[in-house]
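Open your viewer and get ready to type some selections. This tour goes stop by stop, saying what to pick next and what is there.

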Amino acid sequence: MEDPWSLAVVLLQVWLSVMIGLIMLPAMFGFSLGVTSVYIQILVKILEWATLRIQRGHRERPSLPVPAPLPNGLIQREGGSMEQEMGELRRYRSQSISRGEFALSDSFYFYRKGLESIVDDQVTQRFSSEELVSWNLLTRTNHNFHYISLRLTVTWGLGVVVRYCFLFPLRITLAIIGLSWLVIGTTLVGFLPKNRVKTWLSELVHLMCYRICARGLSATIQYHNKENKPQKGGICVANHTSPIDIVILANDGCYAMVGQSHGGLMGVIQRSMVRSCPHVWFERSEMRDRNAVTSRLRAHVAAKINLPILIFPEGTCINNTSVMMFKKGSFEIGGTIHPVAIKYDPRFGDAFWNSAKYNMVSYLLRMMTSWAIVVNVWYLPPMTRQEGEDAAQFANRVKSAIAHQGGLLDMAWDGSLKRDKVKEEFKEQQQKLYSITVVGRKRRKSSTYHADSLKTVIPE
Amino acid sequence: MGSTNSTLSKIPNVEELMRETGFSPAHIVRLYDRFESLDKEKTGHLRPEDFGAINRLATNPIGDRIIGAFFSAGQETLDFHSFVKILAHFRPAENHRLRDPSLPEPVNSRTSKLKFAFQLYDLDKDGKISRAELLQVLRSMMETQVTEEQLESIADRTIQEADLDRDDAISFEEFRKSLDRVNIDHKMSIRFLR
């Protein structure tokens, strides 16, 4: 054993056999040895201890300028409607002047609202990671935490060592194995003629690979209401937080993916996947033509034996505290919609992909050096478009159902607001509401005013 | 995001800023994070377009004027200090009974807040709100919802009520007198959570 090479080889063999035996084989066949759940339980205990320790530290030293984390934003907002506020502002005037009418103080309301939105706004908040109420011993979520105690720092240090030196290599190896097996497996299955065996094998291969990848992220997934699982020929819609959503959902069933065809490594994976079962990959030029997209998806859905399509109607990654507006395109295809709600547990790792801040590779590295990914997936009962409902209303209905189930905020803002600006109509609505407080409803210029349109108050 | 101290050390003259504005270190850090998130091009300065990207502000009828208040005197860029100093106007006022009268007026006192609100109306900064200026504000707040005659009659009535020296404009003193009974501190303050 003097030769360091043979020692290294032996170690490698041990390492690989441990991995295959303890992780990959159970993963491939869909059962768990329970190691991950024990790990999670230990983690929870440690994080609880850390939280208590930090709180104690703050109490003992109140002079520390530590800003408390603010998961709901920076400022305390007044709850009143515009009418209420205007009424309050004008109360100072003497009785002889009528209750309505303009007052110099009216502008204060808009002024304050405007400044509140400069300091903090609900929409931009959704595009950055959720702030945790207490620190989870990851450097990246360390916003305001000072040195509290030696033990805490040591625990954090140990955490770094465990995560980077032990978990990370393990996860990388698993991910590489998972992806290569996906490519090899699907290519092999692709050689078979199109029959039942092929379908069965391709599902098996897909499932195995996604399970290995999920282990590669230490993902613990809890599926609820499995009886509502998406069926063949249906469309599965879910809220979007990160590219990992695909791995999470595909662990429990096979889906037909929809997306743009890429080059490079992604392209290789995409092309090999298509060989074993039909997915829908679009060229960049095709994506712009909405009709072409819709007709291809419609054709896929119409063939009832095809796997359910997986679509993320928000169009972009949101930080998993809310659900933004669904693009109605997915809801125009027809067919049965199977909504799915995905909620990540932020204590163990921040799954949100902030594409402005991180590219895909650094995002994946961050994922692999978190504690774990703990997810809850709820399958909701299937929905179809009702009589007299247009695509947008249907989309909103599905969105509310998903938000309600996942405990997320249902926001009417558009995900594309990450990049675009808001429409004029919202500003006009504000002006409409205000002018009513000044001149009353009847004296306004627009004689045709609909009570309902005013009830669609500015979405928060 | 780093720890509080590392963020504070990134800001030049932060002690002076805290003294002038009265914000605590925690608030300064949060405002700095907000400043950075608004400064998408990472230039260290904000431009009017960066404010325009805030959706809630774009739907505010007087959103443009609010942005203008930040970029007074024809400036084109806004650095962090100026950003915080303007926001400091909206801090809730503290108890002033023990204040030393020789010190300059704090930036969030009732008078300072009123002066700030006055500037919203008085665009040409001549110290008076003329009828035309008042009409402009009314127009932006109500735009197409009321007729021009209605706007003019509202403007007339407002000036009539507030204009004590009959010069057909509202000076700062008249403005202040007219809003004597409004709880300015409550209405023109933003409560920052601890």
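**Before you start**

This is a predicted model, in which local features need pLDDT of at least 70, side-chain atom pairs count only at pLDDT 80 or more, and totals for chains, interfaces and linings use all residues. Residues are numbered from 1 along each chain as its sequence is written, chains are lettered from A and ligands numbered from 1 in the order in which they are written, and side-chain values use heavy atoms, leaving out hydrogens and water.

**Stop 1: colour by confidence**

The mean for chain B is 79, with 89% of its residues at 70 or more. Now select residues 4-10 of chain B: this is helix α1, where confidence in the chain is lowest, at a mean of 68. Compare residues 80-88, helix α7 of chain B, where it is highest, at 86. Helices (H or I, at least four residues) and strands (E, at least two) are DSSP runs, numbered from the N terminus. Where pLDDT is low, the predicted coordinates should not be read in detail. For the complex, the predictor gives an ipTM of 0.85 and a pTM of 0.65.

**Stop 2: the nonpolar cores**

Select A:Phe102, B:Ile28, B:Phe51, B:Phe70, B:Phe80, B:Phe83 and B:Phe175 and show their side chains. Of the 71 residues in the largest nonpolar core, these touch the most other members. A nonpolar core here is a set of buried Ala, Val, Leu, Ile, Met, Phe, Trp, Tyr and Cys residues joined through side-chain atoms within 4.5 Å. Buried means under 20% relative accessible area, exposed over 50%, and partly exposed in between, with a 1.4 Å probe and protein chains only.

Which helix gives the most to this core? Select residues 106-119 of chain A: helix α4 supplies seven residues. In chain B, domain 1 (1-92) and domain 2 (109-194) both contribute, so the core lies between them; these bounds come from an automatic or database domain assignment. Then move to a second, separate core of 40 residues, which includes A:Ala250, A:Ile269, A:Phe312 and A:Tyr379.

**Stop 3: salt bridges**

Side chains of opposite charge can pair when their charged atoms come close. The rule used is a side-chain nitrogen of Lys or Arg within 4 Å of a carboxyl oxygen of Asp or Glu, and it gives 13 salt bridges over all chains.

Stay on helix α4 of chain A and pick A:Arg112 with A:Glu116. Their closest N and O atoms are 3.4 Å apart, and the two residues, four apart in the helix, are separated by about one helical turn.

Next, select B:Glu20 and B:Lys85, a salt bridge with closest N and O atoms 3.6 Å apart. B:Glu20 lies in helix α2 (residues 14-21) and B:Lys85 in helix α7 of chain B, so the pair ties together parts that are 65 residues apart in sequence. B:Glu20 is partly exposed at 39%, as is B:Lys85 at 34%.

For B:Glu49 and B:Arg47, the closest N and O atoms are 2.5 Å apart. B:Glu49 is partly exposed at 48%, and B:Arg47 is partly exposed at 27%. Finish this stop with A:Lys226, A:Lys229 and A:Asp252, which are linked in a network of salt bridges.

**Stop 4: positive phi**

Most residues other than glycine have a negative phi, and most peptide bonds are trans. Select A:Asn225, where phi is positive at about 55°. This residue sits in the loop between β2 (219-224) and β3 (235-238) of chain A and is partly exposed at 32%.

In chain B, go to B:Asp168, with a positive phi near 60°. B:Asp168 is in the loop between α10 (148-162) and β2 (169-171), partly exposed at 47%.

**Stop 5: a strand and a contact across the sequence**

Pick A:Met325 in strand β7 (residues 322-325) of chain A. A:Met325 is partly exposed at 29%.

Notes
pLDDT is the predictor's confidence in each residue, from 0 to 100.
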